[in-house]
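Start with a helix pair, then move to the core.

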Amino acid sequence: MGILIRLVITAVSLWIATLVIDGIELTADSAANKAGTLLAVAVIFGLVNAVLRPIIKTIGCGLYVLTLGLVAVLVNGLLLLLTSWIADKLDLAFHVDGVLPAVLGALLVGIVSWLLNMLVPDGD
């Protein structure tokens with residue numbers, strides 16, 4: 001149940017990013033298609049983060065230390081850009097237009113997800 005709640009929270013965060021940030025687009029035609037697309041993109045984003053983030057942190061450990069963790073913002077943006085590329089290959093109506101919208105979107109998704117996760121009990 002916790003995984004489904006986090007999936008919905010990520011989908012809501014992505015939806016807010018599409019509304020606020022120019023360069024992140026959701027072009028599905030109906031509300032049901034938009035919701036399905038956002039849930040699919042949330043799954044892709046979660047998988048990309050789960051698989052690649054530990055590898056990137058291990059390889060780029062020196063950069064994380066050198067920049068006091070600020071490189072994580074760029075890494076998150078690049079992972080969102082990769083998610084957009086995968087979504088395009090799967091014919092999903094989600095697109096990020098460049099690195100700057102991706103970085104801003106990743107920041108917004110992270111902040112909104114954090115806030116929503118604080119509001120939703122995790123079952124402990």
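In this predicted model, the axes of helix H1 (residues 2-20) and helix H5 (residues 99-119) come within 9 Å. They cross at roughly 135°.

Which residues of H1 and H5 meet? H1 brings Arg6, Ile9, Thr10, Val12, Ser13, Leu14, Ile16, Ala17 and Val20. H5 answers with Leu108, Val109, Val112, Ser113, Leu116 and Asn117. Sorted by class, this H1 and H5 contact has 10 nonpolar, 4 polar and 1 charged residues.

Ser13 is part of helix H1. Is Ser13 buried or exposed? Its relative accessibility is 0%, so Ser13 counts as buried. Not counting residues up to four places away in sequence, Ser13 touches Val109, Val112, Ser113 and Leu116. Ser113, in turn, is found in helix H5. Ser113 has 12% relative accessibility; because buried means under 20%, Ser113 counts as buried. Leaving aside neighbours within four places in sequence, Ser113 is in contact with Ile9, Thr10 and Ser13.

Helix H5 also holds Leu119. Leu119 and Leu63 are 56 residues apart along the chain. Their C-alpha atoms are separated by 33 Å.

The axes of H2 and H4 come within 9 Å and cross at roughly 135°. H2 and H4 are therefore oblique to each other. The crossing of H2 and H4 is right-handed. On the H2 side, the contact uses Val41, Ile44, Phe45, Val48, Asn49, Leu52, Arg53 and Ile56. On the H4 side, it uses Val75, Asn76, Leu79, Leu80, Leu82, Thr83, Ile86 and Ala87. By class, this contact of H2 with H4 has 12 nonpolar, 3 polar and 1 charged residues.

Next, the nonpolar core. In soluble globular proteins, nonpolar side chains tend to be buried together. How many residues does the largest nonpolar core have? It has 16 residues. Leu14, Ile24, Leu80, Phe94 and Val96 have the most contacts inside it. At least two residues of this core come from each of H1, strand E1 (24-26), helix H2 (31-59), helix H4 (71-89), strand E2 (94-96) and H5. H2 gives the most to this core, with 4 residues.

Some of these names have come up already. Leu14 is among the H1 residues that meet H5. Leu80 is among the H4 residues that meet H2.

Val96 shows what one of these core residues touches. Leaving aside neighbours within four places in sequence, Val96 is in contact with Gly23, Ile24, Leu80, Leu81, Ser84, Pro101 and Ala102. Two of these partners, Ile24 and Leu80, are themselves among the residues with the most contacts inside the largest core.

A second, separate core has 6 residues. Val48, Tyr64, Val71 and Val75 are included in it. Val48 and Val75 also take part in the contact of H2 with H4.

Key. Residues numbered from 1 in each chain as written. Predicted model: local features only at pLDDT ≥ 70, side-chain atom pairs only at ≥ 80, totals over all residues. Heavy atoms only, no water. Buried < 20%, exposed > 50% of the residue type's maximum accessible area, 1.4 Å probe, protein only. Contact = heavy atoms within 4.5 Å. Axes fitted to C-alpha atoms, helices over the stretch in contact; angles between N-to-C directions. Nonpolar A, V, L, I, M, F, W, Y, C, P; charged D, E, K, R; others polar. Core = buried A, V, L, I, M, F, W, Y, C linked by side-chain atoms within 4.5 Å. Parallel < 35°, antiparallel > 145°, perpendicular 65-115°, else oblique. Left-handed = near helix turned anticlockwise from the far one by under 90°.
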